[in-house]
Amino acid sequence: MSFFVSFAIHADDNNSYLPKAKAGTKCVEDRQIMRTNHMDLILHQRDKTMRDGKRDGRHSLKECINCHVTKNDKNEYPNIDSSQHFCNSCHTYVAVKTDCFSCHRSIPENKQVKK
Amino acid sequence: MNKLNRREFIKKTTNTAAISILPGVFLQTVNAKGADVKNRWGMLIDTRGCGDCKNECITACHSEHAVKSFDRPQTDSQWIRKVTVKNRKTSHTMALPIMCQHCEKPACVDVCPTGASFKRVDGIVLVDRHICIGCRYCMMACPYKARNFVHENLSEQNTISPRGKGTVEACTMCVHRIDKDGAKAKTACQQACPKNSIIFGDLNDKNSGISKKLKAMGARQIRADLNLNPAVLYQGLDL
């Protein structure tokens with residue numbers, strides 16, 4: 001895991017496209033913590049949400065997407081197939097597959113991918 | 001990468017270590033009420049209004065959960081389906097909507113090999129798609145044929161209702177609304193029914209609307225002989 005993380009941390013040095021989050025928002029955790037632990041935070045909260053019905057936690061995938069998936073240079077919301085999607089921009093670089101979006105929505109709620 | 005000075009490095013490493021070691025403690029900050037063992041959510045459906053309706057409940061349910069047709073009726077998901085039954089002796093026909101019956105003793109949970117099928121403490125039966133392997137045992141076990149297997153790649157699901165290919169799904173009794181509004185919640189099908197034939201509420205609360213109506217008028221469960229004690233009850237089932 002630390003191997004991947006070290007790559008992830010360096011991704012913005014080497015990857016030319018890293019989408020910016022929605023303007024005027026601040027991440028729920030420090031950048032370093034998110035980079036190394038985002039998968040654990042989401043994993044724990046998903047069980048709280050689904051099994052216990054506690055839906056107001058601060059580490060929801062929904063909120064990640066709402067802030068981090070922003071319009072690209074073509075004024076479109078990139079979906080998970082695009083290299084411009086926030087998650088993909090790093091995950092493609094480190095060759096770690098995300099399976100979240102075969103079920104979860106990959107663009108913000110109430111927004112559409114323009115075609 | 002930004003260069004960190006010694007103090008920042010120690011601070012950030014400590015934070016990271018704390019989260020890695022104590023994720024449980026960290027999540028104690030979540031104060032939501034959540035599912036309560038005191039509740040037993042259920043629905044009462046008066047089928048006498050179902051015969052000549054335009055399936056508004058089904059349309060609303062599928063819109064709420066982004067269940068779309070792929071023009072393949074044999075495999076398209078149906079969270080609610082309208083079933084028409086006929087008495088052979090009297091030739092009387094009637095229609096009723098059938099969805100997950102949220103049994104007290106759900107057969108789907110019994111047979112699930114991974115624990116993906118589960119019942120919440122408030123009686124709602126759900127599928128944990130994170131660990132569902134798509135074996136479809138639950139579909140075979142369910143006497144109401146309430147479960148569906150997703151055969152197609154999906155995209156742009158509704159945020160409140162994640163669903164995807166290779167997993168099993170069924171009516172969630174609009175659990176996202178229940179978690180938000182509790183006993184005041186209305187399910188999507190209830191809201192859409194033009195004849196107000198669907199009532200949602202707490203079966204454990206004697207003062208709830210559903211309990212009062214059940215006390216006054218009674219209702220039946222489908223296949224009550226199986227002793228699964230479904231939380232969906234029906235009126236007007238007489239053929």
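This is a predicted model: local features need pLDDT of at least 70, side-chain atom pairs count only at pLDDT 80 or more; totals for chains, interfaces and linings use all residues.
Residues are numbered from 1 along each chain as its sequence is written, and chains are lettered from A, with ligands numbered from 1, in the order in which they are written.

**Overall make-up**
- Chain B has eight helices and nine strands, where helices (H or I, at least four residues) and strands (E, at least two) are DSSP runs numbered from the N terminus.
- Of the 239 residues in chain B, 32% are buried, a residue being buried if 20 or more other C-beta atoms, placed from the backbone, lie within 10 Å of its own.
- Among the contacts in chain B between residues at least 6 apart in sequence, 60% join residues at least 24 apart; two residues are in contact if their C-beta atoms, placed from the backbone, lie within 7 Å.

**Nonpolar cores**
- The largest nonpolar core holds 43 residues, and those with the most contacts inside it are B:Met43, B:Ile80, B:Cys171 and B:Ile198; such a core is a set of buried Ala, Val, Leu, Ile, Met, Phe, Trp, Tyr and Cys residues joined through C-beta atoms within 7 Å.
- The elements giving two or more residues to this core include α3 (56-64), α6 (175-181) and β8 (198-202) of chain B, and the largest share, four residues, comes from β1(B).
- Leaving aside residues up to four places away in sequence, B:Ile198 touches B:Met43, B:Ile45, B:Cys57, B:Cys189, B:Gln190 and B:Cys193.
- Another core, of 11 residues, lies apart from the largest one and has A:Cys64, A:Val69, A:Cys90 and A:Ile107 among its members.

**The three-stranded sheet**
- An open sheet of three strands in chain B has the order β8-β1-β9 with mixed pairing, where two strands pair if DSSP finds at least two bridges between them.
- β8 and β9 of chain B are the edge strands, each pairing on one side only.
- β1(B) and β9(B) run parallel and are joined by four bridges, and B:Ile45 has B:Tyr234 in β9(B) as its bridge partner.
- Helix α8 (residues 209-217) of chain B packs on the sheet, where it touches β1, β8 and β9 of chain B.

**The β2-β3 hairpin**
- Strands β2 (residues 81-86) and β3 (residues 93-98) of chain B pair in the antiparallel sense over six bridges, with B:Arg81 standing opposite B:Ile98 in β3(B).
- Six residues lie between β2(B) and β3(B) in this hairpin, and B:Ser91 in the turn has a positive phi of about 65°.

Key. A residue is buried if 20 or more other C-beta atoms lie within 10 Å of its own, exposed if 12 or fewer, and partly exposed in between; C-beta atoms are placed from the backbone. Axes are lines fitted to C-alpha atoms, for helices over the stretch in contact, and angles run from 0 to 180 degrees between N-to-C directions.
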